[in-house]
Amino acid sequence: MAVTTTPAPPSGTAQSRHAAAARRRRRRGAAARQERAAGYVFLAPWLLGLLAITAIPTLYSLYLSFTNYELLSPGHWVGLANYRRMFGADPKYWHSVTVTLTYALVAVPLKLSAALGVALLLHRERRGIGLFRGLFYLPSLLGGSVALAIVWQAVFSRGGAVNGALALVGIHGRPWVNDPDTVLGTLVLLAVWQFGAPMVIFLAGLKQIPTELYEAAAVDGAGWWRTFRSVTLPMLSPVIFFNLILEVIHAFQAFTPAYVVSNGTGGPADATLLYTLNLYIQGFANFKMAYASAMAWILLAAAALLTALLFTTSRFWVHYSDGGER
Amino acid sequence: MPASPEPPHGPTRRHLLTTAGALGVGVPLALAGCGGSSKSGNTGATKVELAVYWWGAQTRADITDKVLALYTQKHPEVTFKKQWLGSSTSYYDKLSTMAAGGSAPDLFQLDDNGLAEYTNRNVALDLKRYVGSKISVDKFPQSLRNAGSVGGKIGGVAAAENTPALYFDKTTIKQLGLTDPATGMTWEQLVDFGAQVFTKSAGKTYGTMDPAADYKALQVWLRQQGKELYTPDGKFAFTVDDLTAWLAFWAGAAAKKATPPADLIHTANTGDVTKQLISTKKGVTAFLWSNQLSALAKGTDHELGMATYPGDAKGQWARASMYWAGFSGSKHPDTIADVINFLVNDPDAGTLLGAERGLAPNLDVRASVKSTLKAADQTSVAFESALTGKFGPTPPVPPKGHVQVKKLLIDAAESVQFKKATPAAAASSFLGQATAAISS
């Protein structure tokens with residue numbers, strides 16, 4: 001929040017005082033202008049970067065989505081043709097929407113539950129707790145890395161470690177990453193495994209809950225479950241809400257694991273054709289850059305819409321301890 | 001220009017002074033570096049650096065390094081900045097990105113998957129004014145002479161020649177007491193053979209690769225029936241019934257246990273040599289190109305054999321395995337043409353290149369390097385030479401959109417293999433999407 005210091009209004013009524021005040025204002029105005037200018041100068045590198053690298057290309061892609069531009073040849077205005085094709089004549093598009101929604105619907109709740117569960121276990125101060133927090137956070141440091149996806153591919157392949165372990169207990173495994181029925185599950189598992197970032201946020205949120213609430217609950221004879229439901233969850237709901245929005249957007253943008261596991265094809269049988277992967281294939285392998293731009297804008301609109309929807313529902317379940325003042 | 005040391009962030013006054021001292025050393029050096037290259041521009045021979053880009057395995061990289069070094073040795077003013085990638089899929093992704101940014105490499109490798117795309121979109125330099133003068137194709141066989149021409153332009157010059165080849169694992173077949181697949185066997189015989197491998201090995205080895213997703217296998221199969229994959233004007237030359245029959249044939253083979261489970265087929269469908277059933281010893285055949293024996297042999301201790309794809313060898317043709325192409329935006333088109341001519345016609349270059357990309361396009365070079373080839377490459381050459389005269393006509397260059405068609409065929413075949421669709425449904429879904437891909 002910006003803090004503005006408003007000068008005290010001039011208290012005198014005499015002409016000279018007015019004149020002096022006006023002079024002062026002018027001087028102050030000049031100084032403020034100068035300061036503003038200096039501010040913009042210091043801001044310039046970042047601002048230029050934002051304009052040149054983010055804002056202009058983003059807006060340009062909106063223009064491109066109304067053309068038939070292909071990667072290596074210029075296009076011309078075609079109006080809504082790309083959007084019409086997307087919604088009416090491209091079964092692949094709808095398939096990728098289904099795959100992405102399935103992925104998000106399963107991965108986000110699982111990941112958040114895992115993060116919250118582990119955060120609950122790790123938030124009490126014990127000896128060596130820092131080590132455990134670090135260990136649980138470790139996987140998410142590796143992020144959406146290519147190396148990790150390759151490891152995943154090996155671990156869940158026909159002769160991989162998972163099937164090796166299953167064989168020890170007499171279960172005949174399956175080629176998890178090469179089977180269209182299970183490959184999306186392995187990607188979900190990869191996402192869930194990287195629960196570190198929301199976990200850390202949950203830990204911070206848990207620390208914010210005043211201990212007297214727990215003490216009061218204990219005095220009232222509330223058990224663990226009751227305390228969790230009536231104290232922890234409501235007090236944590238703003239943090240849950242924050243994590244939820246972040247993770248939903250994250251899930252919509254998932255790309256690397258699907259790209260690596262399927263060698264950039266979205267296979268087997270299009271089971272890993274996530275929205276962003278489809279977008280990438282359209283733009284860079286099939287050269288349909290205008291179509292890919294249109295897809296990107298629909299993704300943006302969908303993410304914005306979903307976030308707005310979550311905000312609307314938040315009034316029913318998100319509890320702000322400052323009395324709902326937002 | 002050599003990079004001068006950068007001042008560290010958040011400098012103190014003393015820090016600045018020491019940095020200035022360090023810069024004092026760096027700047028003259030940097031200036032000297034700039035002066036060096038501009039001065040040599042005035043002394044006659046202009047220094048030229050060409051960026052070269054190709055895909056392939058390590059072997060190809062070693063060979064290409066050597067052959068480019070040989071060119072520099074003969075023309076010291078020309079040097080090369082080399083870049084290569086192992087997989088042709090990511091190769092094309094990167095090439096298209098570079099080309100869109102106007103910074104495509106001066107000299108790059110293409111194959112039928114990219115030739116029409118890059119020539120029609122004027123990314124590939126039109127070599128028409130060089131072919132016949134600076135680039136000689138007189139010694140090329142007829143089938144390769146015009147191989148790189150698309151719609152009146154010449155987008156590439158054939159770098160080598162190959163043809164589809166069926167590889168098989170002789171060692172395993174012998175252990176099972178079966179006879180090797182041979183050129184001229186029918187598709188049905190191959191399926192029977194695959195089923196026998198499965199039975200005789202008690203289910204340990206999955207007979208033959210299922211090439212339903214492989215456009216070149218489909219193309220050979222179509223050509224044997226007097227049909228084609230594409231018409232000369234870039235439309236499909238087969239019907240939905242043809243494709244249904246093709247997919248149904250392989251679904252039948254799977255039912256007879258002649259082919260492996262769908263996930264193994266999927267892994268091999270990448271076309272990656274190291275993921276073929278022969279390399280992983282899960283099966284005994286691989287549907288590849290005739291120049292890939294040496295790469296394939298590296299991954300296995302078993303003896304490998306070669307045959308044509310099943311059916312009449314007329315379905316096959318001598319094709320340009322790859323093309324050398326230049327970038328239309330390059331500042332050195334003459335040098336590019338000279339390097340291409342060197343790569344395809346120079347006997348010393350031919351000796352270094354061997355048969356790694358396929359047979360040398362220049363017949364004289366092909367004959368002269370024969371004796372110096374490695375054993376695996378000699379087998380490839382003998383295989384292909386024996387077929388000369390049996391080949392069918394050269395098919396039209398695939399239209400732009402072919403890359404997408406290839407991927408859609410993999411989707412269609414896999415949806416049948418994973419039992420997500422019937423052959424008829426997969427075929428009609430393929431034709432709908434693929435027709436849109438090549439017509440837009």
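What follows is a working chat about a predicted model.

Biologist: Ground rules before we start?
Modeller: This is a predicted model: local features need pLDDT of at least 70, side-chain atom pairs count only at pLDDT 80 or more, and totals for chains, interfaces and linings use all residues. Residues are numbered from 1 along each chain as its sequence is written, while chains are lettered from A and ligands numbered from 1 in the order in which they are written.

Biologist: What does the secondary structure of chain B come to?
Modeller: Chain B has 18 helices and ten strands. Helices (H or I, at least four residues) and strands (E, at least two) are DSSP runs, numbered from the N terminus.

Biologist: And how much of chain B is buried?
Modeller: Buried residues make up 47% of its 440 residues. Buried means 20 or more other C-beta atoms within 10 Å of the residue's own; exposed means 12 or fewer; partly exposed is in between; C-beta atoms are placed from the backbone.

Biologist: Strands next. What does S1(B) pair with?
Modeller: Eight bridges join S1(B), residues 48–55, to S2(B), residues 78–85, and the two run parallel. Two bridges join S1(B) to S3(B), residues 107–110, also parallel. Pairing takes at least two DSSP bridges between the strands.

Biologist: Which residues face each other there?
Modeller: Glu49(B) has Thr79(B) in S2(B) as its bridge partner. Tyr53(B) stands opposite Phe108(B) in S3(B).

Biologist: What unit do S1(B) and S2(B) make with helix H2?
Modeller: With H2(B), residues 58–74, they make a right-handed β-α-β unit. Right-handed means that, with the strands pointing away from the viewer, the path from the first strand over the helix to the second runs clockwise.

Biologist: Is S8(B) parallel or antiparallel to S7(B)?
Modeller: Antiparallel, with five bridges joining S7(B), residues 164–169, to S8(B). Phe168(B) has Thr285(B) as its bridge partner in S8(B). S8(B), residues 285–289, is mostly covered, with four of its five residues buried.

Biologist: Now the largest nonpolar core. How many residues?
Modeller: It has 181. Tyr103(A), Leu247(B), Tyr323(B) and Leu409(B) have the most contacts inside it. The largest share, twelve residues, comes from H3(A), residues 91–122. A nonpolar core is a set of buried Ala, Val, Leu, Ile, Met, Phe, Trp, Tyr and Cys residues joined through C-beta atoms within 7 Å.

Biologist: What is Leu247(B) in contact with?
Modeller: Leaving aside neighbours within four places in sequence, its partners include Ala212(B), Ala412(B), Val416(B) and Pro423(B). Contact means C-beta atoms, placed from the backbone, within 7 Å.

Biologist: What about its helix, H9(B)?
Modeller: Leu247(B) is among the buried residues of H9(B), as are Trp246(B) and Trp250(B). Their cover includes H7(B), H8(B), H17(B) and H18(B).

Biologist: What span should H9(B) have?
Modeller: At 1.5 Å a residue, its 16 residues should span 22 Å, and the end C-alpha atoms are 22 Å apart, which agrees. The expected span is 1.5 Å times one less than the number of residues. Lys257(B) follows H9(B) and has a positive phi, near 60°.

Biologist: Back to Tyr103(A). How far is Gly185(A) from it?
Modeller: They are 8.2 Å apart, C-alpha to C-alpha, and 82 residues apart in sequence. Gly185(A) lies in H7(A), residues 183–193.

Biologist: Why is Gly185(A) called partly exposed?
Modeller: Because it has 17 other C-beta atoms within 10 Å.

Biologist: Last one. How many residues of chain A touch chain B?
Modeller: 20 residues of chain A are in contact with 24 of chain B.

Note on methods. Contact = placed C-beta atoms within 7 Å.
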